[in-house]
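Thanks for coming, everyone. Let me put the structure up, and then I'll walk through it chain by chain.

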Amino acid sequence: MTPALELAVARRIGEFDLDVAFTVESGISVLFGPSGAGKSLTLALIAGLMRPDAGTIAINGQVVTDCARRTYVTTQKRRIGMVFQDGLLLPHRSALDNVALAVRQASGRQARRAIARSWLERVGAERFADRRPGSLSGGQRQRVALARGLAGEPALVLLDEPLSALGSDVRQELRKLIRGVIMSSGVPAVLVTHDAAEAEELGDVIIAYDHGRVTGTRLVERPECPERPQGAPESTGPV
Amino acid sequence: MTGLVPHSWLNWLGIPPWVWDPLSVSLHAAFEATIVVAIVGSALGFLLAKGRFLGRDAIETVLSLPMAFPPTVVGWYLLTQMGGPGPIRNAEVRLFGHPLTFTFNGIVIAQIIESFPYCLRFSRTAIAGVDPRFEQAARAMGLSRWRTALLVTLPLARRGLVAGVAMAFGRALGDFGATMIVAGSVPMATTMPIALYNAVFYGSHEQAMVLALVQLAVAFAILLGVSRLGKVRPW
Amino acid sequence: MKWEHKTGRDLDNKQKAAAVSVVVLLGFGLGFGAAHLLEGYIAYWDIVSGPFLLSLRVTLAAGAIAGTTGVASGYVLAKGRFPGRDVLETIGSLPIILPPTVVGYYLLEVLSPGTRAGGFLTRVTGHVFVYNASGCVIAAAVAAYPFCLRAARTAIEGVDPLLEQAARTMGLPNWRVALQVTLPLARRGIAAGLTIGCARALGEYGATLMVGGDINGKTRTLSLAVLDSFTTPERDTMLLILVLMAVIAMTGIGLLGRSRA
């Protein structure tokens, strides 16, 4: 089976020096380590938002970055989805529009909006589909951001500290949501966090980062590997 | 002003009188206008940037009106107020002995009004853009409001302030509509823009080319200098 | 990242545009009504209407031209990574302090059928661009352009690049990122630049005089007509209209101030 992601890159920024290599087969791989270890930088390289100094990156078997051969596929052509720490939803469009813009596989406004709406249901955000991000709470925004990241049927979804900006009670609920929705969608994921509990709860594989290097890889034991029940937990509170 | 530099020098340099005369009028008027504008504009810009009174934006908008009005209206108002009967004319007569229309000083006043908004807006932006922490540090060191302003705020804002003065100077040099109306086409009060208009109107093609080129070079030099001073953007 | 906190009562763009149009029309209506009450100054409408309508058409056309070219070139300057961007912006900013007669002179050199460039232009397009309304539009557009350019560049540079990156991860090609993300987010600054550009175009005098020729009925815009009416009875009506236009421009400049905050 083709790995979802094969990566071996090096990048230097000022005094910081990143040199990592790993593969992601399926499920959720967590990049775990202290702040400044190079985890978010790695995601940026995978997404094509930055270029490495050397190395290759392949997503689903397709080489998207190859420094030696000067191959470089632009961000929009890589079939990825991304969930940012701050959500980064377009403030001038509604939640539904934000997700609909990410839908690539359907043409026609109606079709895209229908797909967007179903994704919003899956993350428990259909209640505020027509509201603008500015009027949503942090937790609600990240739900929409998750929907947006998955709606385009990407080959790989990247999550950059998606819960770090939220309060701890909200984080608990959304952790379950993230794990559930991603596993049920079948899209492999790379998630960055510096929270150990989060790494344990969300990851199938934990890749430890320190000072720009991978210091270890560990499989997480999951007794049943249950798929979380279909339909995300409905948000009942302000989340 | 033509008395400043002897004609023999000008001939030797190759600058004909029909360039030097309007050029000197323009420079002289713009210089005087800019001095007034620089002082008042920077001071008001400071007040608007720092003050906490109601209607700050309204005041700035009103003072910026000359940017929106056709310059002819400004000139027209000056003409009627300075030349026609009214309190301003009386004040002028008392201060200067005669009304200021059709004179050099009238041109200066027209240019002051036209170029004032430029200096005002640049200074306000520059002073408002100074990191307040510097001022807070100064106050913590015990400096009074006055000394903080003079020793900390103004020096930190100097790039924007200079840019504002430069833009005002450029605008004063380049004023046409208001100046023309106030001054008529009295030869003693012909500025460069007016001279160019006359040259085109009367078909002196050679002269027009030279006059236009000189003004283009000056405007370009001023703008280039302003852009070098960095990103101060009141619009 | 700071989100604007919009409440449910926030007006969307269409409603805002409608509100502004209503205010403008009301302003004109009240103004003319007041004029009529004041002593029938409106009796001079036949003399005043020509320049007023001409100015209106010229300003709108010039605003459209300056707006689109300004935004396009502002985008290029904001996003481009080539040397000499600032020099280009300086050249584009020249009309701000360049004497209007210099602008008029060079426009005549380029547009007049008698010159090489102008002759070529007239042969190719079959249209003369001087001493008619087109000339007025061009002169006004040149006057407005630098304001649109600078405001657009600043506004576009101020858009959070992270949002554009997020849009790219969503699969949007670069042109859609520009149209659906960058420009909408920069709309406030762009609109402010457009307003001050239109104000400037409205008040354009020197270049319009030279390129248009101040021909009564054809190229005598309001700013030219005011001067001509100085000694005639209709000058007060002219004045009234000018004040109304300036008020509209004032609102624009006021918006400009607020969008800077």
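**A buried helix, and what surrounds it**

Start with helix H2 of chain A: its buried residues are A:Ala95, A:Leu96, A:Asp97, A:Asn98, A:Val99, A:Ala100, A:Leu101 and A:Ala102. Buried means under 20% relative accessible area, exposed over 50%, and partly exposed in between, with a 1.4 Å probe and protein chains only. Helices (H or I, at least four residues) and strands (E, at least two) are DSSP runs, numbered from the N terminus. H2(A) covers residues 95–102, and eight of the eight are buried, so the helix is largely enclosed by the rest of the structure. Contact here means heavy atoms within 4.5 Å.

Some ground rules. This is a predicted model, where local features need pLDDT of at least 70, side-chain atom pairs count only at pLDDT 80 or more, and totals for chains, interfaces and linings use all residues. Residues are numbered from 1 along each chain as its sequence is written, chains are lettered from A and ligands numbered from 1 in the order in which they are written, and side-chain values use heavy atoms, with hydrogens and water left out.

**Confidence**

For the complex, the predictor gives an ipTM of 0.81 and a pTM of 0.79. Per residue we have pLDDT, the predictor's confidence from 0 to 100.

Chain A has a mean pLDDT of 87, with 93% of its residues at 70 or more. In chain A, strand S6 (residues 71–72) has the lowest confidence, a mean of 88, and strand S9 (residues 189–193) the highest, at 94. Watch residues 227–239 of chain A: pLDDT there is below 50, and beyond near neighbours in sequence the stretch has 27 contacts in the model. Where pLDDT is low, the predicted coordinates should not be read in detail.

Chain B averages 81, and 82% of its residues score at least 70. Its lowest helix is H6 (residues 87–96), at a mean of 66; its highest is H10 (residues 158–173), at 91.

Chain C has a mean of 79, with 74% of residues at 70 or more. Helix H1 (residues 13–39) of chain C is lowest, at a mean of 60, and helix H6 (residues 133–157) of chain C is highest, at 92. Residues 1–12 of chain C fall below 50, with 15 contacts beyond near neighbours in sequence.

Chain B has 13 helices and zero strands. Of its 235 residues, 50% count as buried. Among contacts in chain B with a separation of 6 or more, 73% come from residues 24 or more positions apart.

Helix H12 (residues 192–201) of chain B packs against helix H4 (residues 100–111) of chain C at about 30°, with the axes 9 Å apart. Axes are lines fitted to C-alpha atoms, for helices over the stretch in contact, and angles run from 0 to 180 degrees between N-to-C directions. H12(B) and H4(C) are therefore roughly parallel to each other. The cut-offs: under 35 degrees is roughly parallel, over 145 roughly antiparallel, 65 to 115 roughly perpendicular, and the rest oblique.

Which residues make the contact? From H12(B), B:Pro193, B:Leu196, B:Tyr197 and B:Val200; from H4(C), C:Thr101, C:Val102, C:Tyr105 and C:Leu108. They divide into seven nonpolar, one polar and no charged. Nonpolar is Ala, Val, Leu, Ile, Met, Phe, Trp, Tyr, Cys and Pro; charged is Asp, Glu, Lys and Arg; the others, Gly among them, are polar.

First, C:Asp214. This residue sits in the loop between helix H10 (206–212) and helix H11 (222–228) of chain C. At 17% relative accessibility, C:Asp214 counts as buried. Beyond four places in sequence, C:Asp214 contacts C:Leu209, C:Thr219, C:Arg220, C:Leu224 and C:Asp228.

Next, A:Gly180, in helix H5 (residues 168–185) of chain A. A:Gly180 is buried, at 10%.

Last, A:Arg213, in strand S11 (residues 213–219) of chain A. Buried or partly exposed? A:Arg213 is partly exposed, with a relative accessible area of 33%. Leaving aside neighbours within four places, A:Arg213 is in contact with A:Asp17, A:Leu18, A:Asp19, A:Val20 and A:Ala208.
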